[in-house]
Amino acid sequence: QDDSPDKCDEILVLMPEYFARNGHGSQLNSYVLAAMMATYLGKAMLVLDAPQKNTKYPNGSMFGCPVDAFKDRKEFEQFKGNNHKHLEMKEDFPMGMSRLLKHSTLLSRGCKMPTCSSFTYDSWEAIRKAQREHFLNGLPPREVNCEDGDRIQRVIPLGGEEVRQFFEAQVQPLILDETKKREAYKWIIRLGANAHEAQVFIKLTKEAEIWDFVSALMARSGIIKFQPWIARDVAQFIRQIDLPLNSGYDAIHVRRGDKLETESRKEVVAYWHSQGYDRVQQFPTNYIPFRHYLRLWDSTDCENYWNGFQTQATTRLVYVATDDPTTVKEEIAKLPKGSDGTTIVAGCKKVKFIFAPSSEDSAFHINDGGGKVDCYVRYKRNIRAIADLMVLTKSDTFVGEFVSNWGRIIRLNRLILNDSPLVGERKKEISGNWLKKSSFAEDTEPPAFIRDFRVAFGELISPPPGW
């Protein structure tokens, strides 16, 4: 707990509304990146959500509205219409991103949003938009000086795009500067490290090691924490999935949709070229087949992992999260089957693929349909997505990629710090597959471990947390 009188003198304000058009992963990553940036610069971080008149989303949030948001629960339960925006909302219910995330006091330091000469949301939004000019001219972000009694508060408002721009151009080079050990020590303490961990951190020199250590620390510090109604409804949704969470299971994330025309396009082309197809017109599909994800289990791994050191159920369960379930199920149907109806994968006849329950809402991405979508429908999409995130994160083995924002968020939450006092001194043998070394040197005790994470395609090394 920071009780220093100057704890609120320097503030970074994240304004999530502009990035609200993006998916869950992008918004969560912008939050993580802003948290990393604020803590490194020694600033409190606040979230300024748009009021209703400044957002295109009925009922005030891109993440929809739970039953808790409505003033009259009975009226909600008896409502027969097709748009809940006509129901009265609680005036003090969180808006915007705050409807999804409970902002950490580790980041806010208990500070409140400065009034700053009666600034309105529009005032802060105008400054946020002007940050682009500062970035293009190589200047630091614009600060606003606000009087708070006899103190001056220096406030920097940024949206998700501006956070990415300034982090890459100005903050990341500072973090990776080996001459700034003192700043690195203070930063990692602010993120929740103890003195021993901070000493370990400032000895790291490789970029991948630094990001893995920071990711593991952020995961432990609970930077991403969901609101109680999100946690409640996600738990209820997961109970509907035919997946016994008290036993082992693996998970695969197959992201297609709009990514096929943007970030994943290069990877799709590279894949089909590797299969002997020279021209785009010859490609059998415009996506990477599901069987390509399954290649990460060879027959030896299958025997050792599924039938070796662990006690296994008759069938190995594999949860599949995808925005293209119909096509993926068709692909699975074409795979060889065992006599008991299970799917043969890498020589094992013990694989059962599990999907989330189907929904009346055919859309999978939270922003499909834009701001006109009923807020309660949007909320149910929100819950479905976060449930996927939780199931994927807690799997024994995860298969995905870093093209998707989801893959980067999942990796962050699968990292844990190594609490051994011998970190960096000797190699530690690790049995089984529960924890594997992350990006660290093979001959030393690693500062962090990662729960088994397999990259289906694209870059093998994860970018900075939140990127």
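**Helix H4.** I began with Arg128 and Glu125, which sit 3 residues apart in helix H4 (residues 121-136) and are therefore separated by about one helical turn. Helices here are DSSP runs of H or I with at least four residues, strands are runs of E with at least two, and both are numbered from the N terminus. The side chains of Arg128 and Glu125 form a salt bridge, with N to O at 2.9 Å. I count a salt bridge when a side-chain nitrogen of Lys or Arg is within 4 Å of a carboxyl oxygen of Asp or Glu. Arg128 and Glu125 are both buried. Buried means under 20% relative accessible area, exposed means over 50%, and partly exposed is in between (1.4 Å probe, protein chains only).

**Basis.** I am working on a predicted model, where local features need pLDDT of at least 70, side-chain atom pairs count only at pLDDT 80 or more, and totals for chains, interfaces and linings use all residues. Residues are numbered from 1 along each chain as its sequence is written, and side-chain values use heavy atoms, with hydrogens and water left out.

**Other salt bridges.** I searched the whole structure and got 21 salt bridges. I looked up Asp212 and Arg411, whose side chains meet in one of 2.6 Å, N to O. This pair links distant parts of the chain, since Asp212 is in helix H8 and Arg411 in helix H15 (residues 405-413), 199 residues apart. I found Asp212 and Arg411 buried.

I then checked Arg232, which forms a salt bridge with Asp68; their closest N and O atoms are 2.7 Å apart. Arg232 belongs to helix H9 (residues 228-238) and Asp68 to the loop between strand S2 (44-47) and helix H2 (73-78), so the pair ties together parts 164 residues apart in sequence. Arg232 is partly exposed at 36% relative accessible area, whereas Asp68, at 17%, counts as buried. I also noted a network of salt bridges that links Glu10, Lys43, Glu143 and Arg154.

**Strand S6.** I looked up Arg316, which lies in strand S6 (residues 316-322). Arg316 is buried, with 4% relative accessible area. Its side chain makes a polar contact of 2.9 Å with that of Asp396. A polar contact is a pair of N or O atoms within 3.5 Å; within protein, one must be able to donate a hydrogen and the other to accept it, and residues adjacent in sequence count only if both atoms are side-chain atoms.

**Helix H7.** I listed the buried residues of H7 (residues 195-202): Glu197, Ala198, Val200, Phe201 and Ile202. Their cover includes helix H6 (181-190), helix H8 (207-221) and strand S10 (415-417). Asn194 caps the N-terminal end of H7, with a side-chain oxygen 3.1 Å from the backbone nitrogen of His196.

**Trp467.** I placed Trp467 in the segment after strand S13 (453-455). The C-alpha atoms of Trp467 and Ser26 are 8.7 Å apart, although 441 residues separate the two along the chain. Apart from neighbours within four places in sequence, Trp467 is in contact (heavy atoms within 4.5 Å) with Asn29, Leu33, Arg164, Phe167, Glu168 and Arg408.

**Totals.** I noted 15 helices and 13 strands in the protein. Of its 467 residues, 54% are buried. Among contacts between residues at least 6 apart in sequence, 74% join residues at least 24 apart.
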